[in-house]
Amino acid sequence: MNDLPTSSAPALRRLLDLLASGAATEDFADVLADARRQGAPAAVLSEIDDATWQALRVHRTMRQHRRREAELTALFDTAGDLAASRDLDAVLQAIVRRARMLLGTDTAYLTLPDEGAGDTYMRVTDGSVSVLFQTLRLSLGDGLGGLVAQTARPYATPDYRADERFHHTGTIDAGVLDEGLVAIIGVPLLLGGRVIGVLFAADRSPRAFSPDEVALLCSLAAHAAIALDTARSLADTRAALAELNSANELIRAHSAAVQRAEQGHDRLTDLVLRGAEVPDVAAAVAALLGGEIAVLDAEGEPLAGRAGAPGTGLAEAAAASRAEGRAVRHGGAWVCAVLAGQEQLGTLVLRGRPDLDDADRRLFERAGVVTALLLLLRRSVAEAENRVRGELLADLLTAPDRDPAGLTARGRRLGVDLGRPHLVLVAEPGDARDSGARSRLAGAAGRYLFGSRGISAEHGEAVVLLVPDEDGAQGAEGADDPGDGAQRAAGRAAERLARLAGFPVTVGAGRPAAGPVALAAAYAEGLRCVRALRVLGRSGEGASARALGFLGVLLGDGHDVAGFVRGTLGPLLEYDARRGTELVRTLRAYFDCGGSLTRAKDELHVHVNTVVQRLDRVEVLLGRDWNGPERSLELQLALRLQLLSGS
């Protein structure tokens, strides 16, 4: 009997140990049961029973405090997420995950209204396995969420499908069934008394949600509302900042454009006042606009910068600019016609600036106006100088031997060095008797020589141009052939004068000459070339005496027999010298025998096949038309002159 418990102290200590260790509720009942088995007195059992009841109350209170502590910790963590994160999706996902964890539910999710579509959609889910449920869209006012949104109050249902307090729809019920949800609680996301969404927690088995769980979910919903409001405020702030930055950039760009326009105006004015040339204006505007500028004349020839590849449509773009009266875009470049009234003096081309704002475009167009002013000024000066120089040219052609030294001195004062080699080009319009056409041709000649050191004047029925011999006495291959440079100059002049005048122009060129007397003789030779071109039916072309073949030998001054022979028989002479053949002798025998192969082979004392083979080689070297009437006459004359000269 001495082993029977006579005091409740051991049991009380055991209850305290259970409280301290956080034991389960069932463990507390074991203390009273053990005392009964040990036969403790009734008074002791009563005391242990009271102590057990008090211990359970303390245990329940401590559990509630721990749960509240966990809830507060979760709320603090959520608040920390809101403060630290700028990613709305991450914050909402964390809120939904914590709601599911704290309430111990199978799923949690959050819906937001779509004002554009007029319904509600799933924004975030956690624990969901159904794609149908995750993509569910709810009409406003339908389902448990509709009831929460309409009343702005939390609602919970232990069995969703059996609850008749809200409006069921087939779409919502199908999504809930596919997810397998039964018990659902929904709380509103409130912002200034307005519902901006609904936060849900749900189980796949029946369950009654306690007031504490409702309160906890409401707290999380409040954080979610703050997160949404903060995100929207940040989005509005970013949009406002972007608009401010955009406006600031526009203001700065406009200010810079205005400043460039002001600088451009001052710079262009200064250039004009200082007597600058067109390339100076182009360089200044290119620096202001940050691109590359080319200035082309009315014929598309570059006055400054590079002209660009031919056939790129610049002429069409210039025509469009002329019609619109302003700069136009052309591919990646800008084109502005340089106009004086209705006359187009040239074209400006800006590359490297595919986009031009209004201020820069006006600056580019102003550069066109300044360029037109400079070109008109240069033309006026050139026309005045050309009239004075034209008088010199007329005196030179009329009486070159009267005072050669005086003419040379006059030319030097006017910037024309008659002592240096020049080409004399004689140009006639299609109808030489039309004085109006000759006047237009004289104007075209002035524009053709614009910017060069040449001069022009009307003389007789023609317009005479005196231009420096830029090619010198060297031909295309560097040989001593003064005819090549004259021929090229005549061809260029005929082509460009025709474009400028608007009708065919025939140009004859004399050989390069220096000094008044020699230049007058070159003029006479050029005039004979023009007449020969007309007789030959080649009006509208340009040629020198050298280029007219044997006719040029007869027309030209000095009768360059050696040059004619070399130009006509050169390939045969070179072949014979290199191979030791007798092509020239065979060709002479063939012509002397009237084109008879039989008589020619007897003359040469060779087989007829040899004559045929040699003549085939002649055809290869001279071309297939060597035996034509005009060519054969030229060849026979060259052969005769070669024989007479002994070369």
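Two strands count as paired here if DSSP finds at least two bridges between them. With that in hand, here are some notes on the model, which is a predicted one.

1. **A hairpin to start with.** Strand β9 (residues 328-330) pairs with β10 in the antiparallel sense, over three bridges. In that pairing, H330 stands opposite A333 in β10. The hairpin has two residues between its strands, and one to look at is G331, which takes a positive phi near 65°.

2. **The next hairpin along.** β10 also runs antiparallel to strand β11 (residues 343-351), and seven bridges join them. Here A340 stands opposite E343 in β11. This hairpin, too, has two residues between the strands, with G341 at a positive phi near 70°.

3. **How enclosed is β10?** Strand β10 covers residues 333-340, and six of its eight residues are buried, so the strand is largely enclosed by the rest of the structure.

4. **The sheet around these strands.** Zoom out and you'll find five strands in an open sheet, in the order β8-β7-β11-β10-β9, with antiparallel pairing. Which strands sit at the edges? They are β8 (302-304) and β9, each pairing on one side only. Going from one strand to the next, the twist averages 35°.

5. **Helices lying across the sheet.** Helix α9 (residues 278-289) lies across β7 (292-297), β8 and β11, and runs at about 150° to β7. Helix α10 (residues 314-324) lies across β7, β9, β10 and β11, at about 60° to β10.

6. **Strand β15, covered on both faces.** Have a look at β15 (residues 505-509) as well: five of its five residues are buried. V505, V507 and A509 are on one side, T506 and G508 on the other, and both faces are covered. As for neighbours, strand β12 (residues 422-429) pairs with β15 in the antiparallel sense over five bridges, with P429 opposite V505. Strand β16 (residues 542-544) runs parallel to β15, and three bridges join the two. There, A509 stands opposite S544 in β16.

7. **Helix α2 and its buried face.** In α2 (residues 25-37), the buried residues are F28, V31, L32, D34 and A35. Seen down the axis of α2, they fall within an arc of 160°, so they line one face of the helix. Just after the helix comes G39, with a positive phi of about 75°.

8. **Helix α7, read in a similar way.** Which residues of α7 (residues 170-179) are buried? I172, G175, V176 and E179. The arc they cover around the axis is only 95°, which puts them on the same side of α7. What covers them includes β1 (107-114), α5 (131-134), β3 (137-139) and α6 (143-151). Turn to the other side of α7 and you'll see G170 and L177 exposed.

9. **A loop residue: T105.** T105 lies in the loop between α4 (88-103) and β1. Is T105 buried or exposed? Its relative accessible area is 6%, and buried means under 20%, so T105 counts as buried. Leaving aside residues up to four places away in sequence, T105 touches A99, R100, A201, A202, D203, R207 and F209.

10. **Two crossing helices, α18 and α20.** The axes of α18 (residues 583-592) and α20 (residues 608-622) come within 10 Å and cross at roughly 105°. Angles of 65 to 115 degrees count as roughly perpendicular, and α18 and α20 are therefore roughly perpendicular to each other. From α18, the residues in the contact are L583, T586, L587 and Y590, which meet V611, R614, L615, R617, V618 and L621 in α20. By type, the residues of this contact divide into seven nonpolar, one polar and two charged.

Notes:
Residues numbered from 1 in each chain as written. Predicted model: local features only at pLDDT ≥ 70, side-chain atom pairs only at ≥ 80, totals over all residues. Heavy atoms only, no water. Axes fitted to C-alpha atoms, helices over the stretch in contact; angles between N-to-C directions. Helix = DSSP H or I, 4+ residues; strand = E, 2+ residues; numbered from the N terminus. Parallel < 35°, antiparallel > 145°, perpendicular 65-115°, else oblique. Contact = heavy atoms within 4.5 Å. Nonpolar A, V, L, I, M, F, W, Y, C, P; charged D, E, K, R; others polar. Buried < 20%, exposed > 50% of the residue type's maximum accessible area, 1.4 Å probe, protein only. Arc of directions from axis to C-beta.
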